[in-house]
Amino acid sequence: MRVLLIGANGYLGRFVADRLLADPAVQLTALGRGDDADVRFDLASGSPGALTRFLDAVHPGVVINCAGATRGGARELTRHNTVAVATVCEALRRSGCGARLVQIGCGAEYGPSQPGSSTAEDAVPRPGGPYGVSKLAATELVLGSGLDAVVLRVFSPAGPGTPAGSPLGRLAEAMRRAMQSGDGELKLGGLGVQRDFIDVRDVARAVHAASLSAAQGVINIGSGRAVRLRDAAAVLARVAGYGGALHELDGPPGPLRATIGHPRSEPDPAGPAAAYPYPDGCGSWQQADVRTARDRLGWRPRINLEESLADIWMEAACRI
């Protein structure tokens, strides 16, 4: 099976590439903007015609799109998350390769949900910010393309390679700094939200399964269990061996208080931050209903959050 992977050098794409390369039946070609891609191509600015010519030359059986942006203004997010997917869909329609498309969506497409509930694929999407809107628009383009396509809505990915500017990455960095400076207490804000964390290696397994299946439409990829960030912080402290006290701050944080939320634009993503909401626009609660992934892909998550957090800490500890 020849697979074209778009976005192989991104956070999720790296693990998807590793998973596919471990399958001897897969011939992998990586397309992306970086120098390490087999073929350099920018989906946001490249033409569908150019991509069509490449598809006709390579003739993949599956195209996996892991490319996209998680930060930036509405214009940038639309460019990288929506226009780019329109280019992929149009190129596949024009091409004679007949490839199956596996598109990586996100749980932010759903927006806020009722605390205690599990969000299934038939929920009406109401994204709470420009990121979720741009990803939902991409999903609608894929579903309306007439292609053999599936969209995996990935909830909150965690594990090795977690970006330092993400909520869990910022949490690990704040703890690293506390341990490095010998602080006996760590004051954190923004820990009340609950999210469905799923390890990136489990996400890669789901992408691999989806590329081999005949499933179409939208499929949620998550753990099926919401975890409060406060509890994740306690687990991280245990795996890190941090013996200090964790204090959760109420109300807007002061100038010296760390906040686990959307980072500001300063170069240091773990520095003092203002009171930002959790960056996905999903409110205080999100939990996936993952029965469709089990039934249609034969997929279940294998890696628990403690292992994911231990791997996040291992990378943060290397900076001590």
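This is a predicted model: local features need pLDDT of at least 70, side-chain atom pairs count only at pLDDT 80 or more; totals for chains, interfaces and linings use all residues.
Residues are numbered from 1 along each chain as its sequence is written. Local features need pLDDT of at least 70 and side-chain atom pairs pLDDT 80 or more, while totals for chains, interfaces and linings use all residues; side-chain values use heavy atoms, leaving out hydrogens and water.

**View 1. Helix α4 and its neighbours.** Helix α4 covers residues 130-143; helices (H or I, at least four residues) and strands (E, at least two) are DSSP runs, numbered from the N terminus. Its 14 residues reach 20 Å from first C-alpha to last, close to the expected 20 Å, which is 1.5 Å times one less than the number of residues. Among its buried residues are Tyr131, Leu136 and Val142. Buried means under 20% relative accessible area, exposed over 50%, and partly exposed in between (1.4 Å probe, protein chains only). The buried residues of α4 pack against α3, β5, β6 and β11, where contact means heavy atoms within 4.5 Å.

**View 2. Tyr110 meets Phe155.** This is the 1 aromatic pair in the structure. Rings of Phe, Tyr and Trp (its six-membered ring) pair if their centres lie within 6.5 Å; planes under 30 degrees apart are stacked, over 60 edge-to-face, and the rest tilted. Here the centres are 6.0 Å apart and the planes lie at 35 degrees, so the pair is tilted. Tyr110 sits in the loop between β5 and α4, and Phe155 in the loop between β6 and β7, 45 residues apart. Tyr110 is buried at 3%, and Phe155 is buried at 6%.

**View 3. Arg153 and its two partners.** The charged end of Arg153 sits over the ring of Tyr110, 4.6 Å from its centre (CZ of Arg or NZ of Lys within 6 Å of the ring centre and within 35 degrees of the ring normal). Arg153 also forms a salt bridge with Glu109 (2.8 Å, N to O); this means a side-chain nitrogen of Lys or Arg within 4 Å of a carboxyl oxygen of Asp or Glu. Glu109 is buried at 0%, and Arg153 is buried at 3%.

View 4. Asp311 in α9 pairs with Arg201 in α6, at 2.7 Å, N to O. Glu306 is partly exposed at 37%, whereas Arg238 is exposed at 52%.

View 5. The structure has 0 disulfides, meaning pairs of cysteine sulfur atoms within 2.5 Å. The sulfur of Cys97 lies 12 Å from the closest cysteine sulfur, in Cys89, too far for a bond.
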